Amino acid sequence: MDTLTIRQALALQLCRGLGVSTLLALKQKIPLPSLFSCDFSDLVQLGLTADIATQLRNVNWSQVDRMIELCDVQGLQIIQFFDSNYPVALTHICNPPWLLFCRGNTALLKHPQIAVVGSRSASRTGLDIAYDFAKQLSQSNLLVTSGMARGIDGAAHTGALDCNKGTIAVLGTGVDVIYPQRHRDLYWRIAEQGLLISEFLPGTRAHASHFPRRNRIISGLSLGVLLVEAEIKSGSLITARYALEQNKEVFAIPGSIRHSLSQGCHFLLKQGAKLTEHVSDILEEVSFLPENSLYIIESEEPKESCPILQNLGYEVTDVDTLVQRTQWPVEQVLARLLDLELEDKVERVLNGYIKLARG
């Protein structure tokens with residue numbers, strides 16, 4: 001048979017030096033399940049090194065079975081590269097993960113996603129911004145993806161969860177390892193409402209080298225990456241760099257020139273990232289991406305549902321008339337008119353407002 005079992009896929013994962021690119025090349029020559037029945041010389045003839053050939057001839061099947069049993073006991077799912085549930089977006093990145101270990105709702109992998117990342121030592125303002133953006137993105141049918149680190153990551157996950165939407169956390173540990181410990185409650189909230197994923201074997205502890213690796217998955221899953229706060233040398237900039245390499249959109253929120261946490265965002269803005277002040281700045285970019293043709297992405301208050309725009313034409317309309325038509329308090333009408341004016345949807349003229357034609 002040409003179809004890999006989870007047992008066989010996990011055995012290939014345990015084979016050091018065997019990556020997806022090599023497996024794809026081998027698949028053109030031989031059904032991958034046949035690798036386990038090939039002689040050493042046959043494996044070398046296929047182009048494998050002596051070390052990899054030796055590993056394939058001596059698979060520790062007991063270790064493989066113990067790992068599968070561990071996943072079963074803990075309710076973890078394993079998705080391999082050729083599985084129909086494997087996210088298509090990850091197949092296009094450099095060095096995609098061969099396996100994804102998952103806890104939670106794997107159906108979320110097929111949803112359009114925006115990554116929200118930033119400093120672990122974020123300011124109070126930065127945390128509030130990350131929370132608010134994540135909440136509004138979620139309300140606009142975009143799934144928020146991040147790395148469950150303290151700071152911006154945690155605030156973004158919480159913002160998504162607090163509006164009863166899912167969120168995806170890509171971990172730099174085994175999917176069954178809670179790190180940092182302060183996010184224990186957040187971890188279980190995500191497990192219940194969203195999805196935790198990792199390319200590392202269950203039980204893998206935190207290591208500094210793991211987190212840059214997981215960043216390519218965060219950006220790879222997403223339509224774009226939003227950087228909220230980051231120092232000039234930070235893991236968040238690594239995620240943004242991966243996004244650029246993957247031809248994904250990069251969004252950056254500006255800050256004070258006197259604040260070190262603004263330096264990373266300002267650096268990206270100089271490199272061409274989109275200056276982002278409102279969720280609409282993100283929506284207008286990703287709604288035109290071809291990856292989104294199967295999804296419905298809505299702003300929190302679509303144009304058609306805004307009573308002000310419904311009751312404002314291209315002729316001058318005064319505020320009192322809008323109050324009468326919308327049945328809104330005058331202060332609410334004025335506040336919404338200001339928002340629409342800033343969004344270039346209406347213009348203030350003598351004796352009232354007019355709707356602007358959209359080009």
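Not counting residues up to four places away in sequence, Leu221 touches Pro87, Ala89, Leu90, Leu109, Gln113, Ile168, Val170, Ile197 and Lys248. This leucine belongs to helix 10, which covers residues 210–221. Leu221 counts as buried because its relative accessible area is 6%, and the cut-off for buried is under 20%. Please keep in mind that this is a predicted model.

Leu221 and Asn141 are 80 residues apart in sequence, and their C-alpha atoms are 15 Å apart in space.

## The chain as a whole

Let's step back and look at the overall picture. The chain has 359 residues, and buried residues make up 50% of them. Its secondary structure comes to 16 helices and 11 strands. Along the principal axes, the C-alpha trace spans about 85 × 40 × 40 Å.

How do contacts relate to the order of residues along the chain? Take the contacts between residues at least 6 apart in sequence: 69% of them join residues at least 24 apart.

## Two nonpolar cores

Which residues have the most contacts inside the largest nonpolar core? They are Trp98 and Ile197, in a core of 72 residues. If neighbours within four places in sequence are left aside, the contacts of Ile197 include Leu100, Phe101 and Cys102, as well as Ile168, Ala169, Val170 and Leu171.

The whole structure contains 7 aromatic pairs. One of them joins Phe82 and Trp98 edge-to-face, with 5.7 Å from centre to centre and 80° between the planes. Phe82 lies in the loop between strand 1 (77–80) and helix 6, while Trp98 lies in the loop between helix 6 and strand 2, so this pair ties together parts that are 16 residues apart in sequence.

Tyr187 and Trp188 form another edge-to-face pair, with 5.0 Å between the centres and 80° between the planes. Tyr187 is buried, at a relative accessible area of 0%, while Trp188 is partly exposed, at 43%.

## Charges over rings

The charged end of Arg120 sits over the ring of Phe211, at 5.7 Å from the ring centre. The charged end of Arg241 sits over the ring of Tyr242, and here the distance to the ring centre is 5.7 Å.

## Where two helices cross

Helix 1 (residues 6–13) and helix 5 (residues 61–74) have axes that come within 10 Å and cross at roughly 115°. The crossing is right-handed. On the helix 1 side, Ile6, Arg7, Leu10 and Ala11 make the contact. Their partners on helix 5 are Trp61, Val64, Asp65, Met67 and Ile68.

Helix 1 also holds Gln8. With a relative accessible area of 17%, Gln8 is buried. Leaving aside neighbours within four places in sequence, Gln8 is in contact with Thr3, Pro33 and Phe36.

Most residues other than glycine have a negative phi, and most peptide bonds are trans. Met148 is not a glycine either, yet its phi is positive at about 60°. The loop that holds Met148 runs between strand 4 (143–146) and helix 8 (152–162). Met148 is buried, with a relative accessible area of 0%.

Which peptide bond is cis? The bond from Tyr179 to Pro180 is cis, with omega near -5°. Pro180 lies in the loop between strand 5 (167–170) and helix 9 (184–193).

Methods: Residues numbered from 1 in each chain as written. Predicted model: local features only at pLDDT ≥ 70, side-chain atom pairs only at ≥ 80, totals over all residues. Heavy atoms only, no water. Helix = DSSP H or I, 4+ residues; strand = E, 2+ residues; numbered from the N terminus. Buried < 20%, exposed > 50% of the residue type's maximum accessible area, 1.4 Å probe, protein only. Core = buried A, V, L, I, M, F, W, Y, C linked by side-chain atoms within 4.5 Å. Contact = heavy atoms within 4.5 Å. Phe/Tyr/Trp six-rings, centres within 6.5 Å; stacked < 30°, edge-to-face > 60°. Lys NZ or Arg CZ within 6 Å of the ring centre and 35° of its normal. Axes fitted to C-alpha atoms, helices over the stretch in contact; angles between N-to-C directions. Left-handed = near helix turned anticlockwise from the far one by under 90°.
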